[in-house]
Structures are given as structure tokens and as C-alpha cells.
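Okay, thanks for making time, everyone. Let me put the model up on the screen and walk you through it.

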Amino acid sequence: MNIVLLGMPGAGKGTQGKFIKDHYSIPHISTGDMFREAIAAKTPMGVEASSYMDRGELVPDSVVLGMVKERIAKPDCSNGFILDGFPRNESQAQSLDEILSGLGKKLGFVLDFVIPQEEAVRRLSSRRTCSGCGKIYNLLSDSFKSEGHCNDCGAELLHRNDDQEEVILNRLKVYEAQTAVLKSYYGSKGNLVTVEATRPVNEVFEELKNLLI
């Protein structure tokens with residue numbers, strides 16, 4: 001069960017990816033998380049990625065492809081994987097096809113999570129990230145033991161640069177210009193499934209479980 005998650009930032013890909021991971025015991029591979037870990041460790045790749053992410057721009061393919069290939073070749077992906085945040089353009093999609101072919105794997109479902117742009121802005125601008133452990137919260141849905149602080153480690157919650165409204169609008173513009181073309185790419189291959197993602201998260205996941213049987 002090899003799955004790609006599509007949808008504009010804030011559409012709920014990460015949330016549903018974690019649900020699928022837990023239910024089917026396959027790894028949820030988020031390139032965004034990979035980059036954030038590299039940025040926190042101040043690796044050369046992390047420094048380079050940060051310069052793009054802080055402006056709401058896409059990280060170049062040259063930084064992404066080798067990392068994804070190495071990750072999906074690991075033993076824990078033998079029964080499937082969930083790619084969240086990759087591919088982001090048609091060139092990456094074509095490269096993914098080549099990577100999978102070389103590994104003797106095939107892509108299954110491409111799930112396209114759809115929400116209105118104003119809902120994406122509302123969700124993303126309400127996100128906060130723990131300055132200590134990195135856990136992500138949302139002011140719209142989470143409650144806190146101490147306002148403005150992480151429930152797990154107590155560190156201060158921060159409003160990340162890429163969750164500021166100006167950067168969010170740029171991220172959505174980049175998505176429409178580059179990533180949305182993947183719908184036609186995967187639609188022509190018969191992999192694409194549209195998921196209406198404004199509904200409650202549990203309702204969306206019930207639909208996915210029926211689909212992924």
C-alpha cells in the first residue's frame with residue numbers, strides 16, 4: 001500500500017497520514033518533518049532548506065530526491081508507505097515513478113485533500129510550535145494546561161515564520177502554480193482520489209478506511 005497525499009497546506013494531510021500510519025502500520029513520511037529536523041540540527045541541508053521554507057517557497061528537487069529514495073528503500077517500507085509533501089511538482093512525480101520502478105515498487109492511491117483557500121489560511125495561521133520538543137498545536141482545536149506553553153514539556157509555543165499569514169498566502173500561490181498540476185498527472189494514470197477535507201477528521205478517516213480496504 002504505497003500512498004501519496006496531495007492537497008494545499010492546511011488541508012489535513014499530516015493528520016490523516018498519521019491515522020493511516022497507525023491503522024495500517026506503514027510509515028508516514030513527511031518531507032516537512034525531515035527538513036525541520038535538519039534545520040534544528042543545523043545540517044548543511046537544513047540551512048539550505050530553511051532559506052526556502054522561511055519564504056514559503058519549495059525546496060529544490062536536488063535537495064529532496066536523494067533523501068526520499070533513501071527513505072523508501074528502508075525495510076520498514078517493505079509493506080508500504082505514505083508520502084506527505086512529496087512529490088510537489090510534475091518533475092518530482094516523474095522522478096518518483098523512476099525511483100519506485102528501480103526499487104520494484106508501484107504507487108497505489110494518490111489522495112487529494114480539498115479545502116477552500118480561506119479555510120487553509122484559518123487553520124495554518126492558528127498553528128503553534130513548541131520551542132522545546134517541536135510538537136505542533138492548533139489554537140482552533142487544542143487545549144492547554146498553561147496558555148502559550150507546551151502540554152508535554154512546558155516550553156513556550158512559537159508562531160513559525162511559515163505559519164504567518166503573508167507567508168501562508170505565498171505558499172498557497174506556489175501550490176496553485178506548481179503542485180496543483182499533479183491532479184491532472186495522476187488523474188491521467190487513474191491513481192487520483194478526491195477527498196472533501198472540510199469535514200471532521202474522524203469522518204474523513206472513515207471514508208479513507210473504506211477506500212483503502
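Predicted model: local features only at pLDDT ≥ 70, side-chain atom pairs only at ≥ 80, totals over all residues.

Residues are numbered from 1 along each chain as its sequence is written, and side-chain values use heavy atoms, with hydrogens and water left out. When I say helix or strand, I mean DSSP runs numbered from the N terminus: H or I over at least four residues for helices, E over at least two for strands.

Back to that pair. Three bridges join β5, residues 127-130, to β6, and the two run antiparallel. They belong to an open, antiparallel sheet of three strands, ordered β6-β5-β7. β6 (136-138) and β7 (157-158) are at the edges with a single partner strand each, so one side of each has no neighbour in the sheet. Pairing here means DSSP finds at least two bridges between the strands.

How many disulfides do we count? Zero, taking a disulfide as a pair of cysteine sulfur atoms within 2.5 Å. For Cys150, the closest cysteine sulfur is in Cys130, 3.7 Å away, which is too far for a bond. Cys153 also has its closest cysteine sulfur in Cys130, at 3.3 Å, again too far for a bond. Cys150 is buried, at 5% relative accessibility, while Cys153 is partly exposed at 42%. The cut-offs are under 20% relative accessible area for buried, over 50% for exposed and partly exposed in between, using a 1.4 Å probe and protein chains only.

On to the other sheet. Five strands make an open sheet with parallel pairing, in the order β2-β3-β1-β4-β8. Its edge strands are β2 (28-30) and β8, each pairing on one side only. From one strand to the next, the twist averages 25°. Inside this sheet, four bridges join β1 (residues 2-6) to β3 (residues 81-84), and Val4 stands opposite Leu83 in β3. Helix α8, residues 182-189, packs on the sheet and touches β1, β4 and β8, with its direction at about 125° to that of β8. Those angles are between N-to-C directions, from 0 to 180 degrees, with axes fitted to C-alpha atoms, for helices over the stretch in contact.

α9 lies across β4 and β8 as well, at about 155° to β8. Which residues of α9 (residues 201-211) are buried? Val204, Phe205 and Leu208. Looking down the axis of α9, these fall within an arc of 95°, so they line one face of the helix; the arc is that of the directions from the helix axis to the C-beta atoms. Asn202 and Asn210 are exposed, on the face turned away from the buried side. The cover over the buried residues includes α1 (13-24), β4 (110-114) and β8 (192-196), with contact meaning heavy atoms within 4.5 Å.

To finish, the whole chain: nine helices and eight strands, with 46% of the 213 residues buried. Among contacts between residues at least 6 apart in sequence, 70% join residues at least 24 apart. The C-alpha atoms fill a box of roughly 50 × 40 × 35 Å along the principal axes.
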